[in-house]
Amino acid sequence: MKLKFCGAAKEVTGSCYVLEVGDTKMLVDCWMYQGPKELVRLNYEPFLFDPKEIDFMLLTHAHIDHCGLIPKLHNGWFTGKIYTTSATKDLTEILLEDSANIQKKNTEDENRRRSREHLPLRKPLFTDLEAAACMPLFQVVEYGVLIKINDAISVRYQDAGHILGSASIEVRATEGEKQTKIVFSWDIGQRDVPIIKDPTLIAEADYLLMESTYGDKVHEDTGTKEDLLLKYVTETYQKWGKLMIPTFAVERTQELLYFIDKLVNSNQFPQEKIFLDSPLAIKATEIFKKHKECYDAEALKEFSHPLDDEYLQYSLSVEDSMKLNTYTDPCVIMAGNGMCTAGRITHHLRHGLSDKKNTLLFVGYQAEGTLGRYILEWEKKVRLMGLEIDVNCDIYKINSFSGHADSNQLMRWAKGFPTSPKTVFIVHGEPKAQSALENNLQTIGFATHIPSLGEVVEL
Ligand SMILES: [Zn+2]
Ligand SMILES: [Zn+2]
C-alpha cells in the first residue's frame with residue numbers, strides 16, 4: 001500500500017494525495033494552488049500522477065484549493081467517480097464555474113500583455129463548459145455511512161465542521177491479509193460555529209493525515225463574534241457611515257447573516273439596510289437554504305427561515321452594486337472577495353476607504369501580499385485601480401471568524417484518538433505551523449512525520 005503526497009505538502013493550498021491499494025489507485029482531493037505567483041504557476045505543471053490511472057476520487061469539501069483542478073483531471077482522461085456529500089457537490093459546481101470565469105478574465109489580461117511582448121499566448125486552466133462537463137462524475141454520499149467502493153476499499157465520510165458539506169474521510173483498505181485504516185482529517189472547523197455541525201471526533205486510525213493551517217495560532221478576541229459585530233455595526237451607524245465587510249462567499253457570508261438575523265430578531269440591530277453585493281455569495285446562500293441535513297440542532301430549531309430577511313437586499317447586477325456608491329444612509333455592505341484582491345469589494349473600498357465615517361471590518365484570514373493584508377497592517381495609503389487612496393476609515397478584525405480550528409482545537413480533535421496512529425502525516429500548513437503542531441502531538445506521544453511534495457511512503 002503506497003501513499004503519495006502530490007500537493008499541500010509544507011503548503012496550505014493544493015491538497016492532493018494518491019493512495020495505491022493493490023491494483024486500485026484513488027485520489028483524495030484535486031488541488032489548486034492559490035497565493036504567491038510561484039505557487040500558482042504549479043497549477044499549469046503536469047500532475048504528479050497519470051490521471052488515466054486513477055480509478056476514483058474522494059472529495060473532502062468544495063474550497064477551490066481542494067477541488068479546483070478536477071476539470072484538468074477530467075481533461076487528462078480521468079473518467080472515474082468523484083465521491084462527495086450532496087452539499088459539496090452543489091457548492092463545487094458554483095465554485096468551479098466562478099473559478100473558470102476568473103481565469104477567463106485573468107487570461108485575457110495576461111494575453112494582452114503577452115501579445116504586446118510577442119510572447120506565446122496562454123490558455124485558461126479550464127473553461128466553464130469544461131467545469132460543467134465534470135459534474136456527471138459526482139456520486140453523492142451520506143455522512144456516517146460506510147460505503148463499499150470495491151473489494152479493497154470502503155470509505156466513510158464524517159462531518160469536519162469546516163464548511164457546509166465538508167468531511168473528514170475514513171478509508172478502510174484491504175491488501176491481501178492486511179487491513180489498514182487511513183484517516184484524512186481535512187480542514188477541521190471550529191466547534192460551535194453557527195449553522196453547521198461540530199467536527200466529528202474519530203476514534204481510531206492506523207495512519208492519519210492531518211491539516212495544520214493554524215497549528216501555531218490561537219483565535220483570540222476581546223469578545224464574542226456576535227458582540228463585536230454588534231459593536232462595530234452600532235459604531236458605524238452612529239457615525240452615519242458604511243460598514244464594509246469583505247466576505248468569503250461560502251460559509252462566512254452565511255455565518256454573518258445568521259448573527260445578523262439573531263441581532264435583528266432580538267431588536268438589537270440598528271435600522272440599517274444590509275446589502276449582500278456578491279452574486280457568488282447569493283448563489284451559495286441558496287445552496288445553504290437547501291441543505292438543512294447539514295444544520296446543527298440549534299440552526300434547525302431557531303433558524304426556521306434562515307438567511308431570508310426583508311432588511312437584506314441582494315445586489316445581483318453591476319448596476320445595483322454601483323448604486324451603493326451614492327447610497328448616503330448608514331448601511332452594511334458585504335461584498336467579495338474576502339481578501340480584497342478583486343471583486344466588488346474593491347469598488348466599495350475605492351469609494352469608501354478615505355471617508356472617516358466608514359468602517360472596514362475583516363472577518364477572515366488576509367494572506368500575505370493581498371490588499372486586505374496591506375490595509376490591516378496600517379498602511380495609510382493604498383494603490384487601487386491605478387489610484388492612490390488614503391485610508392482614513394476605521395479598521396477592525398474579528399479573529400474568531402475562521403473556518404479553521406486553532407492550535408488548541410486541533411489538539412482537541414487529535415485527542416479523539418485514544419492512542420497514537422502508527423504515523424500522523426502533518427500536511428496542509430506552512431512549515432512554522434506544521435512544526436508547532438508536530439511538537440504538540442509529540443507531547444501527547446503521537447508519532448509524526450512532515451512529508452515533502454512528491455514523497456511516497458509505504459503503509
Ligand atoms: Zn477549506
Ligand atoms: Zn484547505
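I started at I245. Leaving aside residues up to four places away in sequence, I found that I245 touches L256, V332, I333, M334, L361 and V363. I keep in mind that this is a predicted model.

Next I looked up the domains. The protein divides into domain 1 (2-217 + 403-458) and domain 2 (225-397). Taken over C-alpha atoms, their centres are 29 Å apart. I then checked where they meet. 18 residues of domain 1 contact 18 residues of domain 2. On the domain 1 side, I listed eleven nonpolar, four polar and three charged residues.

Then I turned to the nonpolar core. How many residues does the largest one have? I read off 121. Y17, L19, C30, M57 and I245 have the most contacts inside this core. Where does the core lie? Domain 1 and domain 2 both give residues to it, so it lies between them. I noted the general rule beside this: in soluble globular proteins, nonpolar side chains tend to be buried together.

Last, I followed the strands. Strand 2 (residues 16-21) pairs with strand 3 (residues 24-28) over five bridges, in the antiparallel sense. Within this pair, L19 stands opposite M26 of strand 3. The two strands form a hairpin, with two residues between them. In the turn I found G22, with a positive phi of about 55 degrees.

Which way does strand 3 pair with strand 4 (residues 56-58), parallel or antiparallel? I found the parallel sense, over three bridges. Here L27 has M57 in strand 4 as its bridge partner. I had already met M57 and L19 among the core residues with the most contacts.

Notes. Residues are numbered from 1 along each chain as its sequence is written. Chains are lettered from A and ligands numbered from 1 in the order in which they are written. This is a predicted model: local features need pLDDT of at least 70, side-chain atom pairs count only at pLDDT 80 or more; totals for chains, interfaces and linings use all residues. Domain bounds come from an automatic or database domain assignment. Two residues are in contact if their C-beta atoms, placed from the backbone, lie within 7 Å. Ala, Val, Leu, Ile, Met, Phe, Trp, Tyr, Cys and Pro count as nonpolar, Asp, Glu, Lys and Arg as charged, and the others, Gly among them, as polar. A nonpolar core is a set of buried Ala, Val, Leu, Ile, Met, Phe, Trp, Tyr and Cys residues joined through C-beta atoms within 7 Å. A residue is buried if 20 or more other C-beta atoms lie within 10 Å of its own, exposed if 12 or fewer, and partly exposed in between; C-beta atoms are placed from the backbone. Two strands pair if DSSP finds at least two bridges between them. Helices (H or I, at least four residues) and strands (E, at least two) are DSSP runs, numbered from the N terminus.
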